[in-house]
Amino acid sequence: MKGSLGAVSISRQAILREVKDYLFIVLGIALYSIGWAGFFLPSKIPTGAVPGIATIVEWGTEIPAQFTYLSINGVLLIIGLMVLGKRFILKTIFGVLVLGSALTLARGILEDQFFEITSRQPFMACVIGACFCGAGLGLAFSSNGSTGGMDIVAAVINKYRDVSLGRVILLTDLVIISSSYVVLHNWNNVVYGLVGLVIMSYVLDLVVNSTRRSVQFFIISKKYEEIAKQINTELHRGVTYIDGVGAYTNNDVKMMFVLAKRRESTTIFRLIQDIDPTAFVSQSAVIGVFGEGFDKIKVKQQKKKVEAS
């Protein structure tokens with residue numbers, strides 16, 4: 001009976017967590033749509049990722065941006081499905097469909113209303129729009145979702161390389177924004193787009209908290225074997241058992257020592273909460289972790305020249 005109640009509790013927590021993730025994805029998409037349709041488009045400021053490509057195509061050929069956006073994302077979603085897994089892709093499909101609808105809605109509502117403000121002060125439109133877009137992308141990534149496009153490319157690279165999401169998106173979008181000159185024939189707009197890209201990438205990293213710093217955990221729980229198994233399975237991180245004795249109870253305890261990426265800390269806390277909400281957990285930041293799965297030790301060795309006597 002107790003086991004069934006525990007299963008129901010875990011299932012309920014998982015459902016509530018998924019609902020929360022989808023709500024934050026919608027909120028992130030809403031913020032991105034406001035920045036893109038309310039500030040970038042009225043001022044003819046190019047942006048990156050697939051919306052940027054779709055916008056350039058629309059400016060040059062008058063093909064609606066929504067069609068190009070959905071077409072490119074269809075191809076990228078297939079790639080993401082093979083690399084990132086079903087959970088990520090399901091939320092990404094949800095994000096792509098919602099963003100496609102939100103962009104259409106936002107353009108109809110915001111583009112004309114904000115035009116009088118943003119057309120006179122393009123730099124202000126660049127800064128404010130980039131903050132909205134960066135915060136929106138950050139919320140989507142924090143909820144294990146995506147708005148599609150280059151976010152999928154960034155997530156694939158970030159899975160195998162310890163590079164921040166903002167930096168990956170920054171590099172991949174430089175070419176997209178620079179190529180807008182072919183259509184706009186205005187370097188001022190290109191510069192505004194590049195400035196907006198830097199701001200957006202910085203805000204994205206602030207929100208998603210995806211830096212190269214790592215964290216270490218000390219976990220004390222009676223269900224240490226189950227927690228360790230889940231950490232090994234879900235995150236592919238090693239767990240070290242440390243034997244200890246409680247000073248107050250004088251009982252033997254098993255303490256787990258775990259090193260992980262900072263972006264993985266939320267997942268670890270969720271796993272512990274699902275298995276043993278009464279567990280004692282200590283988390284602290286570490287300056288650097290070197291070894292398998294983390295940074296490589298790079299030491300410059302100087303060769304000593306031995307003179308023959």
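1. Does Met82 count as buried or exposed? In this predicted model, Met82 counts as exposed because its relative accessibility is 64%, and exposed here stands for a relative accessible area over 50%. Met82 lies in helix 3, and together with Val75, Ile78 and Ile79 it makes a nonpolar surface patch of about 420 Å².

2. The largest nonpolar core has 32 residues, and those with the most contacts inside it are Tyr32, Trp36, Tyr69, Leu99, Cys133 and Met200. Two or more residues of this core are given by each of helix 1 (2-40), helix 2 (49-61), helix 3 (65-84), helix 4 (86-118), helix 5 (122-142) and helix 9 (187-208), with helix 1 providing the largest share, seven residues. Apart from this core lies another, of 16 residues, which includes Ile227, Leu235, Ile268 and Leu271. As general background, nonpolar side chains in soluble globular proteins tend to be buried together.

3. Cys133 deserves a separate entry: once its neighbours within four places in sequence are left aside, Cys133 is in contact with Leu31, Tyr32, Gly35, Trp36, Phe40 and Met200. Among these partners, Tyr32, Trp36 and Met200 are also listed, like Cys133 itself, with the residues that have the most contacts inside the largest nonpolar core.

4. Ala49 is found in helix 2 and is classed as buried because its relative accessible area is 10%, where buried requires a value under 20%. The C-alpha atoms of Ala49 and Asp173 are separated by 5.8 Å, although the two residues are 124 residues apart along the chain.

Conventions. Residues are numbered from 1 along each chain as its sequence is written. This is a predicted model: local features need pLDDT of at least 70, side-chain atom pairs count only at pLDDT 80 or more; totals for chains, interfaces and linings use all residues. Side-chain values use heavy atoms; hydrogens and water are left out. A nonpolar core is a set of buried Ala, Val, Leu, Ile, Met, Phe, Trp, Tyr and Cys residues joined through side-chain atoms within 4.5 Å. Buried means under 20% relative accessible area, exposed over 50%, partly exposed in between (1.4 Å probe, protein chains only). Helices (H or I, at least four residues) and strands (E, at least two) are DSSP runs, numbered from the N terminus. Contact means heavy atoms within 4.5 Å. Patches are made of residues with over 30% relative accessible area and no salt bridge: like charges are joined within 9 Å, nonpolar side chains (Val, Leu, Ile, Met, Phe, Trp, Tyr) within 5 Å. Accessible areas come from the Shrake-Rupley method with a 1.4 Å probe; for residues, only the protein chains shown count as cover. A salt bridge is a side-chain nitrogen of Lys or Arg within 4 Å of a carboxyl oxygen of Asp or Glu.
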